[in-house]
Amino acid sequence: MQSPLPVRDGVNATRLRLPDAGPWETALDYMMHRWGHIDPQGIEDRFDAGEIVGEAGVVLDRTTPLQNHTFIWYYRTLPTETRIPVELNILHQDDHLLVVDKPHFLPTTPGGTYIQESALVRLRNQLGLPELIPMHRLDRMTAGILLLSTNPETRGKYQVLFEKRQVQKEYECVSAAEPAPGHPAVDFPVVVRNRMTKSRSYLLAEVIDGEPNAETRIERLRTFDAAGTDAGRDVSATSGSGPDGGSRHRALYRLEPHSGKTHQLRVHMASLGLGIVNDAFYPELLDKAPDDYTKPLQLLARGIRFVDPISGLPVEYRSGLNLSEAR
């Protein structure tokens with residue numbers, strides 16, 4: 001549903017659905033019920049200033065009956081945010097697309113404690129493009145290629161490509177060269193297929209029994225030791241205990257997802273006993289700690305390719321970033 005309020009400071013207005021009935025006579029009463037314990041004066045001030053609107057941009061006041069509107073829109077009071085010390089790099093921009101290298105630690109879209117400090121809001125404000133919308137998402141801890149639509153009139157043509165899985169994505173990650181103890185050896189390249197779902201626990205995704213809905217092709221590109229000496233492709237003599245999955249050596253892997261489930265690549269690597277370096281979720285959930293900018297998750301969206309629906313030509317965009325632990 002289109003918001004009747006424009007983007008402000010790079011952030012969309014918040015939409016709230018009002019209940020069909022209840023003990024509240026007005027929209028103000030309901031908002032006080034929801035958030036009056038947080039900022040009652042701020043809610044009243046918004047009504048008095050005409051900053052809360054309903055369908056077609058109709059301005060609400062303190063006396064507007066609850067049943068007059070199903071949805072209302074308003075601007076949230078944005079908290080003060082500490083700037084995340086990373087920068088976005090613009091790789092390509094035209095009348096339809098913006099392609100950027102998103103750094104580690106920066107979320108793609110606003111959410112939770114990150115509003116202004118998201119790739120979308122930063123770019124909207126930097127480029128003066130309030131209609132900018134991401135075509136897909138990268139986890140906050142994942143870096144690499146991110147595509148955004150700059151033109152609402154052609155946005156649907158690109159969205160269809162993602163919906164029909166006509167976009168090929170390539171990732172890279174660093175993990176142990178050999179699986180952790182208790183996991184079988186892996187004959188690369190390997191295709192991991194399983195059924196994933198959002199977990200009810202703190203972990204955001206888990207594997208369950210059932211028809212596979214997630215698939216990733218994984219290829220080991222090269223191995224190296226932690227000190228940076230290339231170990232080549234033959235790792236038969238490199239096994240042993242170590243800090244990263246039971247091997248003294250690490251490896252660089254290419255990951256090609258054929259689906260797009262939450263944390264799919266991280267879960268699939270962990271399922272092989274090859275948890276990605278600096279992953280605080282998989283295979284083991286670590287205690288929440290402040291971001292350590294010296295230890296980014298070693299996962300990078302390296303490239304994306306598709307047939308451009310406007311030009312009809314094949315295009316490919318490649319990240320200029322590199323994984324800090326890849327030797």
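Glu170 is buried, with 8% relative accessible area. In this predicted model, the side chain of Glu170 forms a salt bridge with Arg318, with an N to O distance of 2.8 Å. The whole structure holds 17 salt bridges; the points below cover some of the residues involved.

**Glu170 and Arg318**
- Glu170 belongs to strand E7 (residues 168-176) and Arg318 to strand E14 (residues 314-318), so the bridge links distant parts of the chain, 148 residues apart.
- Arg318 is partly exposed, at 38% relative accessible area, whereas Glu170 is buried.

**The network**
- Salt bridges link Glu170, Arg217, Glu219, Arg254, Glu256, Glu316 and Arg318 in a network.
- Within it, the side chains of Arg217 and Glu219 meet at 3.3 Å, N to O.

**Arg83 and Glu117**
- A salt bridge also joins Arg83 to Glu117, whose closest N and O atoms are 3.8 Å apart; the cut-off for a salt bridge is 4 Å.
- Arg83 sits in the loop between strand E2 (71-74) and strand E3 (89-93), and Glu117 in the loop between strand E4 (97-102) and helix H3 (119-127), so the pair ties together parts 34 residues apart in sequence.
- Arg83 is partly exposed, with 46% relative accessibility.
- Glu117 is buried, with a relative accessible area of 7%.

Definitions and conventions
Residues numbered from 1 in each chain as written. Predicted model: local features only at pLDDT ≥ 70, side-chain atom pairs only at ≥ 80, totals over all residues. Heavy atoms only, no water. Helix = DSSP H or I, 4+ residues; strand = E, 2+ residues; numbered from the N terminus. Buried < 20%, exposed > 50% of the residue type's maximum accessible area, 1.4 Å probe, protein only.
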